[in-house]
Amino acid sequence: MVWYQTIKFEDVPEGDAVPVCVEGEPLALYKLDGHVHATHDICTHAKAHLSEGFVSGDCVECPLHEGVFHIPTGRPVSGPVSIPIQVYPVRIEEGMVLVDVPPSG
């Protein structure tokens with residue numbers, strides 16, 4: 001595992017999304033019930049940024065066509081999305097959010 005430092009834990013607002021980039025990959029960080037989750041930031045349906053979407057409970061709605069993904073698992077919840085989004089392991093160290101992003105290729 002390779003852990004990449006992103007932003008401060010306190011800079012991830014509860015119940016919302018923040019875009020970050022790790023090793024060229026666009027990610028979205030979400031804080032749900034005090035725990036940070038990381039997903040790929042691009043919708044698998046139409047390439048919109050999920051960090052610009054609407055977070056409700058533990059789901060995020062794509063801002064383009066209103067498809068919904070379950071944040072902790074990445075699985076599609078309602079169409080038109082049908083392909084899951086990538087989720088990434090997260091840990092907090094010294095107040096910073098670290099994400100494990102596998103090398104591309």
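**Sheet, cores and a buried aspartate**

In this predicted model, four strands form an open sheet in the order β2-β3-β4-β9, and their pairing is antiparallel. The edges of the sheet are taken by β2 (17-22) and β9 (87-88), each of which pairs on one side only. Further in, β3 (residues 25-32) runs antiparallel to β4 (residues 35-40), and 6 bridges join the two. One of the bridge pairs links Leu32 to His35 of β4.

In soluble globular proteins, nonpolar side chains tend to be buried together. Here, the largest nonpolar core comprises 14 residues, and the most contacts inside this core are made by Tyr30, Cys43, Leu50, Val55, Val60, Phe69 and Ile71. Strand β3 is the biggest contributor to the core, supplying 3 residues. As for Tyr30, its contacts beyond four places in sequence include the nonpolar core members Leu50, Val55, Val60 and Ile71, and among the others are Asp16, His35, His37 and Thr39.

Asp100 is buried but takes part in no salt bridge, and the nearest side chain of opposite charge, that of Arg91, is 8.7 Å away. What Asp100 does have is a polar atom of its side chain 3.1 Å from the backbone nitrogen of Val2. Leaving aside residues up to four places away in sequence, Asp100 touches Met1, Val2, Trp3, Tyr88 and Pro89.

How values were computed
Residues numbered from 1 in each chain as written. Predicted model: local features only at pLDDT ≥ 70, side-chain atom pairs only at ≥ 80, totals over all residues. Heavy atoms only, no water. Pairing = 2+ DSSP bridges. Core = buried A, V, L, I, M, F, W, Y, C linked by side-chain atoms within 4.5 Å. Buried < 20%, exposed > 50% of the residue type's maximum accessible area, 1.4 Å probe, protein only. Contact = heavy atoms within 4.5 Å. Lys, Arg positive; Asp, Glu negative; His and termini not counted. Salt bridge = Lys/Arg side-chain N within 4 Å of Asp/Glu carboxyl O. Polar contact = N/O pair within 3.5 Å; in protein donor to acceptor, adjacent residues only side chain to side chain.
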